Structure formats: structure tokens, C-alpha cells
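Let's take a friendly walk through this structure together. Keep the viewer open as you read.

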Amino acid sequence: MNNRQSKDKLYDHIFHHNVFNTHSHHLPDSFFENFNLTKIIEQGYVHWQRYPLTNDYHSRNAYLAKVRYKSYFIWLEKSLQHLYGFDGDITADNWESIDNIIASTYHKKKDHHLDILKNSCKYDEIILDAYWQPGSDNSHKDIFKSTFRIDPLLQGYANNAVDHDGNNPYKLYNKSFSTLETYIDWIEYLISKQKANGCIALKSAVAYDRALDFHVVDKNKAKKIFETDPAKISLKMITEFQDYVFQVICELACEHDLPLQCHTGMGTLDNTRAMAMHNIISKNPNTKFVLLHCSFPWTDDICALLHNYPNVYPDLSWLPLLSYTAGKKILHQLIEIGSIDKICWGCDTRTAEESFGALLSFKNVLQEVLCEKIDSGYFSISNAFDITDHIMIKNASKLYTRNENK
């Protein structure tokens with residue numbers, strides 16, 4: 001077999017490989033009723049900039065002119081071309097016809113979105129971060145495994161404090177607590193209950209609320225803050241209370257053998273790069289810190305932390321979809337640092353169509369990086385097959401499998 005034939009075989013191996021998807025926000029079944037192209041776009045990353053989009057030709061034309069070359073749009077368009085069988089660009093002229101194809105498909109098959117995930121994407125498992133209902137599996141345990149979002153728990157210093165999703169622990173769970181001790185005991189109970197119900201990880205997205213430079217705070221200080229009139233709590237006190245609670249959660253993650261998935265990089269951009277977590281990572285050597293999105297745009301942080309700390313796991317979720325070039329760069333570096341048994345990937349999307357687009361971007365990044373490594377003589381084609389198997393399914397299966405099954 002010549003080199004070209006071997007690379008073609010590697011390409012087929014990558015593009016027909018089953019996948020363990022480590023990070024998703026896939027929406028509940030009810031959302032996909034009366035589904036169409038407009039809804040796909042409005043629920044996707046391409047719509048984050050909030051360019052005006054209405055149901056008329058001129059609005060669509062202007063919208064497409066704005067987003068045409070964004071990576072988000074490029075991979076979503078490729079996904080829709082593959083899934084719904086059309087060629088060429090999405091335009092204002094063919095918008096209605098594509099919209100009708102998608103709407104008709106969903107009308108005929110209500111679970112079409114699940115069919116895409118299972119058969120087009122070939123996901124064996126998907127870790128679902130249901131920020132609207134922490135710990136939910138969308139009532140589809142056969143494919144979704146839950147991660148439990150802990151962000152609301154950091155808002156326990158006041159019953160009117162909310163995270164970036166508008167959640168507060170007292171209102172979300174209809175609870176009240178008179179002491180810090182009872183609050184912490186309840187957090188431990190809640191995490192234990194989530195694990196018993198099938199949760200396989202914890203998730204922090206607090207980078208959208210605050211900086212990631214967590215420090216060790218004395219329990220007595222946290223207790224005084226908890227007992228302080230909420231109207232008199234300063235920003236410094238809030239930060240210290242959250243630091244204390246996050247440390248408790250890190251300890252509970254270790255105790256219950258639940259990897260702690262942490263959003264790193266984009267967020268408030270106020271010290272939300274992964275290196276800000278250096279202190280908390282070093283203080284919790286037995287807690288598995290999964291650093292989602294590889295700290296983009298500060299991706300070198302991941303390389304340094306990975307090199308020095310065995311409890312750090314890099315996750316490429318979102319990154320190839322956000323920036324194909326950045327995805328290639330960090331994957332080259334991660335391979336060279338020797339983390340082949342740690343790298344994972346997740347789509348980080350809310351619809352099946354965008355999930356398939358994210359998967360296409362990731363598979364293309366993986367294929368190009370491996371071929372470049374082969375061409376440079378860094379490793380062999382057989383090594384590339386081994387790396388593919390690890391990144392696409394083996395690493396995540398090992399990381400998120402309960403101890404009793406390892």
C-alpha cells in the first residue's frame with residue numbers, strides 16, 4: 001500500500017469513526033417542533049453577533065453578507081448541504097426552498113434531530129450540559145449522559161443573586177438555609193444525588209460570571225459572609241464566598257470521581273484564561289480538571305498546564321468550529337506534549353445540524369494535523385490510526401466511566 005492509499009484509508013477511518021461527544025447543549029425535543037432553517041441559524045453561534053434577521057429577502061441577503069465567511073457559518077452550511085442534499089451556497093434566493101426541506105423533514109419525522117446525532121454524527125454517547133435544567137438528560141438516557149452545572153451554587157450568598165443564566169440555588173431548588181454548614185451539606189447531597197441519577201461529570205461555566213483565579217478561603221470567613229446582610233456584601237466578599245464554595249466543589253468532584261469540566265478562555269474576558277486556574281489546579285491534585293475550549297484565544301495556557309499537572313485534561317470542544325486554524329495549531333501542540341491519552345472533543349452546540357457541522361470541522365482538523373505529522377516524519381500512519389481512536393472515543397470513555405467499570 002503506497003502513502004496516498006494509506007492516507008485515504010486514514011481519512012475513511014476518521015470520517016466513519018464513532019464518537020464520544022464530551023460537551024453539548026442539545027435542546028429538548030419540544031424545541032424541534034415546527035423547525036426550520038431560520039431556527040437553526042438563530043440557535044447557532046453564527047447568530048451571537050445579533051445581526052438583524054427577519055423573514056424577508058433583503059434582510060436575509062444582508063445577514064448572509066455579514067456572516068458568509070465566519071467559521072461558524074461555513075461549517076453549518078457544509079452540514080446542511082450534507083444532511084439535506086443541496087449544493088452551493090445558502091442565499092436569499094434559495095432560503096425558502098432549504099427552509100421548506102428542513103421543515104418538511106421534521107414534520108415527517110419528529111425525532112429527526114436524534115437521528116442526525118445517532119446516525120449521521122455516529123455519537124455513541126453525548127455529555128449534555130442542560131443549563132436550563134442542571135443534570136437533565138433530555139429524557140434520552142440512551143444517548144445523553146448528564147453533566148451537572150454548578151454555577152448556581154456559587155450564588156448562595158444571597159437569595160436574589162443569579163448567575164449568567166439567571167439561576168439562583170434557593171429559587172432553582174426551592175430551598176432555604178440558615179447556616180453555611182447546612183448549605184454545604186446540601187451541596188454534597190445534591191452532587192451525590194446527581195451522580196446516583198446518572199450524572200458523569202460536573203460543569204463550571206463561571207467564566208461568564210467572574211474571573212477564574214480561585215483562591216483558598218477560610219471557612220470562618222465564608223461563614224461570616226454567608227451571615228452578612230446581602231445588601232451589605234461587597235464584591236470582594238462575593239468573590240471570597242465563591243472561592244470557598246468552588247474549593248468545596250473541587251473536593252467533592254474528587255470524592256465522587258466526577259471530572260470537573262471548566263469553561264476556559266472566552267467569557268467575561270476578565271482573567272478567564274486557563275492559567276488563572278493554576279492555583280486551584282495545584283491545590284487539588286486528585287481532582288480531574290477538564291479544560292474546555294482549550295482556553296481560546298490563550299491556547300498556550302493549556303499546553304503549560306498540561307505539561308506540569310497530570311490532573312489536567314484538554315478538551316477541544318467548540319474550538320475547531322470557532323477557529324479552524326486555532327484548532328489545528330493547538331492539536332499539533334497537544335500531540336507534541338504527549339497527551340494522546342487525554343485529548344477529548346465535544347460539539348458544544350444546541351442543534352443537531354450545528355453539531356454535525358462542528359464534527360465536520362473537528363474531523364477535518366484531525367485529518368489534516370495527522371497527515372502533516374506523517375509527512376514531516378514525526379510518526380507513522382499506524383500511529384495516526386491509534387491517535388484517532390484515542391481522541392474520538394477511547395479517552396473520553398475512560399475519563400467519564402465510573403470506577404467500578406474501569
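This is a predicted model: local features need pLDDT of at least 70, side-chain atom pairs count only at pLDDT 80 or more; totals for chains, interfaces and linings use all residues.

**From a strand pair to the whole sheet**

Strand 4 (residues 201-204) pairs with strand 5 (residues 260-263) in the parallel sense, over three bridges.

Seven strands form an open sheet, with parallel pairing, in the order 1-2-3-4-5-6-7. At its edges are strand 1 (19-24) and strand 7 (312-315), each pairing on one side only. On average, neighbouring strands of the sheet are turned by 25° against each other, direction ignored.

Next, step over to strand 3. Strand 3 runs parallel to strand 4, and three bridges join the two; here Arg149 stands opposite Lys203 in strand 4. Strand 2 (residues 123-128) also pairs with strand 3 in the parallel sense, again over three bridges, and Leu128 stands opposite Ser146 of strand 3. Strand 3 is mostly covered, with five of its six residues buried.

Where does Ser146 sit? Its place is in strand 3, which spans residues 144-149. Ser146 has a relative accessibility of 4%, so it counts as buried, the cut-off for that being under 20%. Leaving aside neighbours within four places in sequence, Ser146 is in contact with Ile127, Leu128, Gly135, Ser136, Gly198, Cys199, Ile200 and Ala201.

Finally, let's turn to a pair of helices. Two packed helices are described by the angle between their axes and the distance between the axes. For helix 6 (residues 112-120) and helix 15 (residues 352-375), the axes come within 9 Å and cross at roughly 20°. Angles under 35 degrees count as roughly parallel, and therefore helix 6 and helix 15 are roughly parallel to each other. Their crossing is left-handed. Helix 6 makes the contact through His112, His113, Ile116, Leu117 and Ser120, while helix 15 contributes Ala352, Glu353, Ser355 and Phe356.

Terms used. Residues are numbered from 1 along each chain as its sequence is written. Side-chain values use heavy atoms; hydrogens and water are left out. Helices (H or I, at least four residues) and strands (E, at least two) are DSSP runs, numbered from the N terminus. Buried means under 20% relative accessible area, exposed over 50%, partly exposed in between (1.4 Å probe, protein chains only). Contact means heavy atoms within 4.5 Å. Two strands pair if DSSP finds at least two bridges between them. Axes are lines fitted to C-alpha atoms, for helices over the stretch in contact, and angles run from 0 to 180 degrees between N-to-C directions. Angles under 35 degrees count as roughly parallel, over 145 as roughly antiparallel, 65 to 115 as roughly perpendicular and the rest as oblique. A crossing is left-handed if the near helix is turned anticlockwise from the far one by less than a right angle, and right-handed if clockwise.
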